[in-house]
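Me: Hi! I have a protein model open and would like to talk it through with you. Can we start right away?

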Amino acid sequence: MMKFNVERSLKKVAIVLALIISSCTERDQSATGENNAVEMWITTGDKSRLLDHELIKSNVNVEVSEVPVIEVDTTQKFQAIDGFGFALTGGSAYLINQKLTAQQRTGLLKELFTVNGKGIGVSYLRISIGASDLDPQVFSYDDMPSGMTDVPLSHFSLDADKANLIPVLKEIVALSPEIKIMASPWSAPAWMKTNNSPKGGSLKPECYDVYARYFVKYIQGMAGEGITIEAITLQNEPENPKNNPSMLMTAEEQIDFVKNHLGPAFEHAGLKTKIVVFDHNCDHPDYPIKILNDPDARNYIDGSAFHLYVGEIDAMSKVKEVHPDRHLYFTEQWTSPEGTFQGDLRWHTKHLIIGATQNWSRIVLEWNLAADPQFNPHTDDGGCTMCLGALTIGDSVTKNVSYYIIAHASKFVRPGAVRIASTVVEELPNVAFVTPQGKVVLIIVNDGNKEKTFAVSSNDRSIRASLQSGAVATLVW
């Protein structure tokens with residue numbers, strides 16, 4: 001009986017060992033299979049797939065004849081990427097802070113600013129210095145009664161932003177300490193301007209110095225709240241006096257302001273915040289080129305920023321050709337409720353996520369993060385009444401097209417990634433990056449009118465895939 005029990009026990013041990021070996025072998029094979037696979041996330045214009053994930057097995061001998069081939073070359077490297085994201089307007093902050101419960105707010109911010117689970121990893125924000133036209137009302141940080149001034153800036157205060165914007169930013173920074181923030185003014189305080197109004201007009205020459213100190217106090221004040229301002233632009237849309245607030249600023253005025261006032265003020269205060277010029281449309285690349293041609297101004301300037309309401313995206317490369325040592329930023333593009341999900345998904349991905357980065361931009365930002373179902377809040381007499389947020393915050397939170405446009409890049413192309421070469425293929429605009437972890441990311445949009453099958457080839461792997469007309473895909477390996 002003893003012998004029988006020992007034999008039975010040995011058989012059980014053998015079976016267990018066999019199962020363990022088999023399990024380990026299966027795990028190894030599974031891991032090998034996953035290592036050979038390319039991950040693909042797809043969003044389609046009909047919304048049937050929204051950041052939908054699948055795996056595509058790669059093979060060195062995959063059949064690529066008779067289909068277009070996108071070749072990715074990891075040895076050709078271009079600009080580093082700082083991030084992708086949105087404008088966090090005062091109105092967006094108000095909706096997030098006032099219309100959501102604390103639990104809803106935290107859940108939403110985790111989804112937006114982390115990459116865990118469904119997180120899309122927004123890594124760059126643009127905020128306004130004072131009010132933008134998507135704030136509930138117009139304000140600066142030093143408003144004075146009509147006819148009065150405050151040259152010492154003794155009344156300067158960030159209190160208007162402490163109700164919503166600063167608390168939301170603090171929660172974002174806690175979730176994503178490396179988040180980068182660019183700040184842009186829509187107007188100087190009215191008493192500093194030629195028309196004594198927050199809308200239109202220009203900065204009085206005698207107020208250049210006090211306005212430079214206004215920027216310094218702002219950056220220092222935000223730092224005191226635990227919020228680092230990575231960069232500022234001198235003026236949002238300096239050729240547009242129609243927003244409320246707004247302010248005109250010529251290239252010559254930006255040259256004078258930077259080299260004789262703002263640059264020295266930053267230097268004296270020991271500020272490392274980057275100074276970025278222009279911040280307007282791609283139809284006037286001569287504007288930032290003229291500023292950067294001034295050697296004294298250029299010493300203080302990190303680069304120039306662009307929007308694409310007018311002009312062509314390759315205007316950014318025209319600036320790069322003349323001033324290759326200065327950076328480029330794409331800072332704003334809005335979507336309208338009158339557009340379509342498919343049309344905006346295709347156009348914005350082609351021209352901004354792909355087009356702007358192919359033309360040297362370090363960031364791509366959509367305008368703006370959130371609005372309510374009636375596209376509020378906004379200022380009167382010059383606020384955008386039809387700006388569709390990436391999110392609609394009402395009785396619930398709805399994700400709109402800008403959310404997916406940015407997510408296809410922000411989740412995968414992390415700060416520090418570098419753009420690399422990829423071949424131009426008809427009707428398949430694309431851009432490729434290598435991440436700090438060595439992953440390759442390829443973003444593609446089918447710009448044709450029918451489904452397209454294509455191949456991707458890079459180093460020792462190739463794949464075949466298909467995309468519906470107007471669909472966007474992000475591939476990672």
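Me: Which elements do the buried residues of α2 pack against?
Reply: The buried residues of α2 pack against β4 (83–87), α3 (102–113), α5 (165–175), β12 and β13. Buried means under 20% relative accessible area, exposed over 50%, and partly exposed in between, with a 1.4 Å probe and protein chains only. Packing here rests on contact, meaning heavy atoms within 4.5 Å. Helices (H or I, at least four residues) and strands (E, at least two) are DSSP runs, numbered from the N terminus.

Me: Before we go on, what kind of model is this, and which pLDDT is needed?
Reply: This is a predicted model, where local features need pLDDT of at least 70 and side-chain atom pairs count only at pLDDT 80 or more, while totals for chains, interfaces and linings use all residues. Residues are numbered from 1 along each chain as its sequence is written, and side-chain values use heavy atoms, with hydrogens and water left out.

Me: Thanks! Back to α2: how many of its residues are buried?
Reply: Seven of the nine residues in α2 (residues 90–98) are buried, so the helix is mostly covered. The buried ones are G90, G91, S92, A93, L95, I96 and N97.

Me: New topic. Which strands make up the closed barrel?
Reply: The barrel has eight strands, running β4-β5-β6-β7-β8-β9-β10-β11 with parallel pairing. From one strand to the next, the twist averages 30°. Two strands pair if DSSP finds at least two bridges between them.

Me: How many bridges join β5 and β6?
Reply: Six bridges join β5 (residues 124–129) and β6 (residues 180–185), in the parallel sense. To find a spot on screen, look at L125, which stands opposite I181 in β6.

Me: And the core? Which residues have the most contacts inside the largest one?
Reply: Those are Y218 and I232, in a nonpolar core of 110 residues. Helix α6 (residues 208–224) gives the largest share of this core, 10 residues. A nonpolar core is a set of buried Ala, Val, Leu, Ile, Met, Phe, Trp, Tyr and Cys residues joined through side-chain atoms within 4.5 Å.

Me: What does Y218 touch?
Reply: Not counting residues up to four places away in sequence, Y218 touches I127, S128, I129, Y141, F156, L158, A183 and I229. There is also a second, separate core of 24 residues, which includes V38, M40, A432 and L442.

Me: Why would nonpolar residues gather like that?
Reply: In soluble globular proteins, nonpolar side chains tend to be buried together.

Me: OK, cysteines. Which ones form a disulfide?
Reply: C384 and C387 do, with their sulfur atoms 2.1 Å apart. A disulfide is a pair of cysteine sulfur atoms within 2.5 Å, and the structure holds one. With 100° about the S-S bond, the link of C384 and C387 is right-handed.

Me: Are those two buried or exposed?
Reply: C384 counts as buried because its relative accessibility is 15%, and C387 counts as buried at 3%.

Me: What about phi of F375 and D381?
Reply: Phi of F375 is near 65°, and phi of D381 is near 55°, each a positive value in a residue other than glycine. Most residues other than glycine have a negative phi, and most peptide bonds are trans. F375 lies in the loop between β12 and β13 (391–393), and D381 is found in the loop between β12 and β13 too.

Me: Is each of them buried or exposed?
Reply: F375 is buried, with a relative accessible area of 18%, whereas D381 counts as exposed at 60% relative accessibility.

Note on methods. Axes are lines fitted to C-alpha atoms, for helices over the stretch in contact, and angles run from 0 to 180 degrees between N-to-C directions.
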